[in-house]
Amino acid sequence: MSPAWRRWVGSRDSLTQRLTEAGQPRPFQVHLLDQRTGTPRRDEAQALALPPGRQAWLREVALCLGESPWVVARSVAPLEGLPAHDLEHLGERSLGSWLFRQPDLERGEIEVTRAPAGFHPDRGPWGRRSVFRHGDFRVLVQEWFLDAMADDLGLPSR
């Protein structure tokens with residue numbers, strides 16, 4: 001992985017804030033693609049220590065600068081401990097805008113992948129995921145950096 005990509009993929013701070021700053025003067029926007037209760041993929045359930053078939057909160061978004069998606073994200077959270085009022089009404093706000101305001105937020109290890117998102121047609125060089133914990137609440141946040149972001153920022157292909 002190039003050093004330029006390592007700075008993005010390995011960052012532990014708010015991706016929303018980093019995207020907003022990097023994409024100026026274009027406005028940062030969240031496009032809600034899907035939000036529902038459903039069954040997580042097997043690897044997602046394992047990452048959250050959920051029994052197979054257990055229902056969870058699922059959310060898929062595109063993080064855009066102007067109208068161009070730079071990152072697509074899929075979040076999965078067990079229904080137990082879910083701060084439903086806060087998360088059900090996120091709408092077109094980023095999950096990070098809520099997460100990074102939590103005073104006791106802990107972020108687990110970042111796992112990196114080259115596999116595509118699977119729920120969005122745009123592709124990119126890297127994806128990452130990590131589990132965030134806030135009290136009894138935990139959420140798996142998966143983010144895929146898209147080719148449009150690489151092109152706009154002049155980042156290498158990998």
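**Exercise 1. Is Gly81 buried, partly exposed or exposed, and what does Gly81 touch?**

Step 1. This is a predicted model, so begin with the computed accessibility. Gly81 has a relative accessible area of 40%. Buried means under 20% and exposed means over 50%, with partly exposed in between, so Gly81 is partly exposed.

Step 2. Gly81 sits in the loop between β3 and α4 (84–88).

Step 3. Now look for partners beyond four places in sequence. Gly81 touches Asp136 and Phe137.

Step 4. Finally, compare sequence and space. Gly81 and Arg138 are 57 residues apart in sequence, yet their C-alpha atoms are 7.7 Å apart.

**Exercise 2. Locate Asp34 and list the residues in contact with Asp34, leaving aside neighbours within four places in sequence**.

Step 1. Asp34 belongs to strand β1, which covers residues 28–38.

Step 2. The relative accessibility of Asp34 is 25%, so this residue counts as partly exposed.

Step 3. The contacts of Asp34 are Leu58, Arg59 and Glu60. Strand β2 covers residues 56–65.

Step 4. As a check on distance, take Val61: Asp34 and Val61 are 27 residues apart in sequence and 6.9 Å apart from C-alpha to C-alpha.

**Exercise 3. Work out which residues and elements build the largest nonpolar core**.

Step 1. Start with the members. The largest nonpolar core holds 18 residues, and those touching the most other members are Trp5, Trp8, Leu19, Val71, Phe145 and Met149.

Step 2. Assign the elements. At least two core residues come from each of α1 (3–9), α2 (15–22), β2 (56–65), β3 (68–78) and α6 (147–153).

Step 3. Look for anything left over. There is a second, separate core of twelve residues, and among its members are Trp98, Leu99, Phe132 and Phe137.

Step 4. Beyond four places in sequence, Met149 touches Trp5, Trp8, Leu19, Trp70, Val71 and Leu155.

**Exercise 4. Two loops hold backbone details worth checking. Which peptide bond is cis, and which residue other than glycine has a positive phi?**

Step 1. Go through the omega values. The bond from Gln24 to Pro25 is cis, with omega near 10 degrees. Pro25 lies in the loop between α2 and β1.

Step 2. Turn to phi. Ala49 has a phi near 55 degrees, a positive value in a residue that is not glycine.

Step 3. Describe the setting of Ala49. The loop between α3 and β2 contains Ala49, and a relative accessible area of 63% makes this residue exposed.

Step 4. Gly53 is found in the loop between α3 (42–47) and β2 as well. Gly53 counts as exposed at 56% relative accessibility. Between the C-alpha atoms of Gly53 and Arg42, eleven residues apart in sequence, the distance is 8.6 Å.

**Exercise 5. Are Ser2 and Gly96 buried or exposed?**

Step 1. Take Ser2, in the segment before α1. Its relative accessible area is 16%, so Ser2 is buried. Beyond four places in sequence, Ser2 touches Pro156 and Arg158.

Step 2. Take Gly96, in helix α5 (residues 95–99). A relative accessible area of 15% makes Gly96 buried.

Step 3. Gly96 and Ala49 are 47 residues apart along the chain, and 22 Å separates their C-alpha atoms.

**Exercise 6. Summarise the whole fold: how many helices and strands does the protein have, and in which order do they run?**

Step 1. Count the elements: there are six helices and seven strands.

Step 2. Read them from the N terminus: α-α-β-α-β-β-α-α-β-β-β-β-α.

Step 3. Judge the overall packing. The radius of gyration is 15 Å, close to the 15 Å that the globule rule gives for 158 residues, so the protein is as compact as a globular protein of that length. Its C-alpha trace spans about 40 × 30 × 25 Å along the principal axes.

Step 4. Buried residues account for 46% of the 158 residues. Of the contacts between residues at least 6 apart in sequence, 65% join residues at least 24 apart.

Step 5. Finish with surface and charge. The 21 positive and 21 negative side chains form two sets whose centres lie 5 Å apart.

Definitions and conventions. Residues are numbered from 1 along each chain as its sequence is written. This is a predicted model: local features need pLDDT of at least 70, side-chain atom pairs count only at pLDDT 80 or more; totals for chains, interfaces and linings use all residues. Side-chain values use heavy atoms; hydrogens and water are left out. A nonpolar core is a set of buried Ala, Val, Leu, Ile, Met, Phe, Trp, Tyr and Cys residues joined through side-chain atoms within 4.5 Å. Buried means under 20% relative accessible area, exposed over 50%, partly exposed in between (1.4 Å probe, protein chains only). Helices (H or I, at least four residues) and strands (E, at least two) are DSSP runs, numbered from the N terminus. Contact means heavy atoms within 4.5 Å. The radius of gyration is taken over C-alpha atoms; the globule rule is 2.2 Å times the number of residues to the power 0.38. Lys and Arg count as positive and Asp and Glu as negative; His and the chain ends are not counted. The place of a charge is taken as NZ of Lys, CZ of Arg, CG of Asp or CD of Glu.
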